[in-house]
Amino acid sequence: LEAIMTDEFERFLNESLAPAERLPDRRFVAAVQARIALDERLRAERRALAAGFGKQLIGLGAVAAAVWVLALAAPVASSISEYPAPSLAFSLTGFALLVALLVRAGGGAKIAPDF
Amino acid sequence: VTADNEEDLALSRRAARGDGAAFAMLVEKHERPLRSFLLRTVGPDLADDVAQDAFLNAWRGAGQYDGRARYSTWLTRIAWRCRLDRLRKERKPEAIEDAGYAPASLEIDDMLARLSESERAALVLCDGHGWTHPEAAELLGLPLGTLKSTVARAKAKCRAMWLGGDHD
């Protein structure tokens, strides 16, 4: 009797724990595809954002270096020392315009996987 | 690499190159056993979320599948890691112990609810999904002897419940 019960229990356990026979769940497959598409888009946006930020930093650095070199030139340096406030205002306005221009130019590319 | 693994390996390599259709075929083929395992192990509320996490990670790491193990084994390992990550984020211990309720009629889900999560996982893999003990031990990060005793303990608990005398 013990052996019969054991066999019966083993059969019950195996049948109960085995994956149920059914067709593939298309809705689940679609949900996974949608999640992957979203993940890919977000990753592409993050990459584009990082690349744009890098480019902007390089651009700003180049402009700052150019302005520095220009400010060292004798005629410009004398104007700055003669009129420091208007020179500073002019520089800050130019810098703000440059930043605004770079921010507008930096748009991220959007990539979607081929589902 | 067996013929079945070879087919999965080819699909996974295509997926690694960005072929979403190839990956969809892998999802269609493997979602049933994976979700069945998770349903039994982590419960209906979390099973599909963890399965989606696992497939997302399998897509990201498609190039890492080398065909030496079955794709389902590789995928289940990913799913188990996803499950452990979730538990860590929720700051819960890895082994969820006895759910602590007494159902009127004992079906398999009721029995499993009274086991710890590692007991459930070991029992479902070895007795329901045909995994070998070494495969299950590797997945669960247990020594082989511990895995065997975990399966035996889980089975003994279920048997006691099945016979009607629920004595842990």
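Contact here means heavy atoms within 4.5 Å. This is a predicted model: local features need pLDDT of at least 70, side-chain atom pairs count only at pLDDT 80 or more, and totals for chains, interfaces and linings use all residues. Side-chain values use heavy atoms, with hydrogens and water left out, residues are numbered from 1 along each chain as its sequence is written, and chains are lettered from A and ligands numbered from 1 in the order in which they are written.

**View 1. B:L123 and its contacts.** The largest nonpolar core has 60 residues, and B:F23, B:L38 and B:L123 touch the most other members. Such a core is a set of buried Ala, Val, Leu, Ile, Met, Phe, Trp, Tyr and Cys residues joined through side-chain atoms within 4.5 Å. Buried means under 20% relative accessible area, exposed over 50%, partly exposed in between (1.4 Å probe, protein chains only).

**View 2. The contact between chain B and chain A.** Chain B gives 36 residues and chain A gives 32 residues. Together they bury about 3100 Å², 60% of it on carbon and sulfur atoms. Buried area is the accessible area (1.4 Å probe) that two parts lose on being put together, summed over both. B:R32, B:R159 and B:W162 supply 22% of the area that chain B buries against chain A, more than any other three residues.

**View 3. A salt bridge across the interface.** The side chains of A:R26 and B:E28 meet at 2.4 Å, N to O, in a salt bridge. The term requires a side-chain nitrogen of Lys or Arg within 4 Å of a carboxyl oxygen of Asp or Glu. The rule finds seven salt bridges across the interface of chain B and chain A.

**View 4. B:D53 and B:R86.** These side chains form a salt bridge (2.9 Å, N to O). The pair links distant parts of the chain, 33 residues apart: B:D53 sits in helix α3 and B:R86 in helix α4 (residues 71-89) of chain B. Helices are DSSP runs (H or I, at least four residues), numbered from the N terminus. B:D53 is buried, at 13% relative accessible area, whereas B:R86 is partly exposed at 22%.

**View 5. B:R153 and B:E119.** A salt bridge joins these side chains (2.7 Å, N to O). B:R153 belongs to helix α8 and B:E119 to helix α6 of chain B, 34 residues apart. B:R153 is partly exposed at 41%; B:E119 is buried at 3%.

Technical notes:
Helices (H or I, at least four residues) and strands (E, at least two) are DSSP runs, numbered from the N terminus.
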